[in-house]
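Have the sequence and the coordinates open as you read.

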Amino acid sequence: MSADKLNINIDDSPIAILTTGGEGEILFFNNAATNLFGQLKKGMKFSTLNNAEGIPEILKNSTAVHLTLDEGASLHILKKTDGTTFFASVFYAPGKEKITSVFIRNISPQIKYIAQVKRQLEIESDLLKSSHIRGGNIDKALHEIALVASETMGVTRMNIWKIDEGFTSIRSLVNYDKNQGGFVENVTLYLHELPNYFNLLQTEAIIVTTDAMNNPRTTEIRESYLKPAGILSMMDVPVRIEGKMVGIACFEDTQQIRPWNVSEQNFAVSVAQIIAQTLETHHRQKVQLDLEQALSEKKVLLAEISHRVKNNFSLISDLIRLQEAKAKDEYHKKLFSEIRARLLSMTMIHRQLYLTDNFGAVNFRDFVLDLAAHFRTTFANEGIDISTLLDNCRLPIGKAVVCGLVINELLTNACRNALGNENGRLVTLRMNVMNDAVNISVSDNCNNGGTEDETSHDLIKELISQLKGSIEFSPGKGKSSTLSFSLG
């Protein structure tokens, strides 16, 4: 690449061009070079125009920087004759007799923009890793966001506003003012005082005002808000959660009238999204805390209710026992005894419910094992043994109570039938669960087929109808009863 190949008048070229000799001395420079560097002199070393500082790490190996450079050029930090520095795209074209042509273009605006974007991305990443933000510590998180965002953006004021449910007012959650030394008192703005501005907040995706004092969109807040704070430029960005506007991130500059470039607008939108995430995390953790507190209170309440129900069961059982003692014949004593047995079955179901973490269902296998153990104790003097073979099963509390009463009846009848067998009195209880079906069988080894208790039989049929199930009786030697119903 040479001046001849460029086919242009070197002096009129917008690109700074100079030539250097074998010792690096400047032999020639055009008008653009003078405009760029200042008072250049022939014979001065080009090396004196190179800045000693290296390229910042944030710009090294950057694709965006590479695309900004001219083809074949490299990034340099050069120094003007007045000592100020700038980023430059520099292309060296070696020629004859050790003469080198140097083509220089000032790309400071582009490089500063790239560095700004990269810095903003780093800040966004750091904010998202903040323990305050991730932990939902709302006050510390919002203060951190306001401070970091204002410093990154280079503004003097940064506010985070919250909108009330009816959009009748906005209240600042955080009000940072660098001129006043940090965080200052929060303020509230009302719809009835600023209707046009509130309408603007709801209709604009982002409010960018370079000259806020003279912008017709912010005229309404000039006297009451802008002038007292000395705000020259302002940018408001909505904070949204699931599409609903819940707040505003407001950047305000009191030092200069600024145009708010695309990078700054994008960064402001990212900050608004981080604020939304912080508010959402805080809300989610608050809801979780409320749920945990409600659950804790519910557990305490259930424990109290369980204690009272247990006492009520005991009281009812004692009352029935008193009536049983007053009965004048064996028939009525038997009736009261059966009622107490049924009540005991319901008490056992209640105990299983209290022991589980799932208050909607009980471990029915454990209940059946407890019930079988009770019958063993009751009929121990009669030499009756109860064998169990049970699958795991969880039942809703309603079905568990009804099914428990059915098993209680079946075991009672089977144990009484087994009394007629002189050799090896055995009752077998099985529970099989497959897919959505439950099958429970109770059998005995009675030799004479046993006797039928019509009252118990009628009760069983009534309970089976409540379960929407079925039961099969197999009379004869070794009587068996099989109960079937659905878990659903």
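## A buried pair

Asp177 is buried, at a relative accessible area of 3%, and Arg157 is buried too, at 5% (buried is under 20% relative accessible area, exposed over 50%, partly exposed in between, with a 1.4 Å probe and protein chains only). The two form a salt bridge, with their closest N and O atoms 2.8 Å apart (a side-chain nitrogen of Lys or Arg within 4 Å of a carboxyl oxygen of Asp or Glu). Asp177 sits in strand S7 (residues 169-177) and Arg157 in strand S6, so the pair ties together parts 20 residues apart in sequence. Strands here are DSSP E runs of at least two residues, helices H or I runs of at least four, numbered from the N terminus.

This is a predicted model: local features need pLDDT of at least 70, side-chain atom pairs count only at pLDDT 80 or more, and totals for chains, interfaces and linings use all residues. Residues are numbered from 1 along each chain as its sequence is written, and side-chain values use heavy atoms, leaving out hydrogens and water.

## Other salt bridges

The count comes to 11 salt bridges. Among them, Glu264 and Arg258 meet at 2.5 Å, N to O, and both residues are buried. Salt bridges with shared partners also join Arg157, Asp177 and Glu252 into one network.

Glu223 and Arg222 pair up at 3.9 Å, N to O. Arg222 is partly exposed, with 24% relative accessibility.
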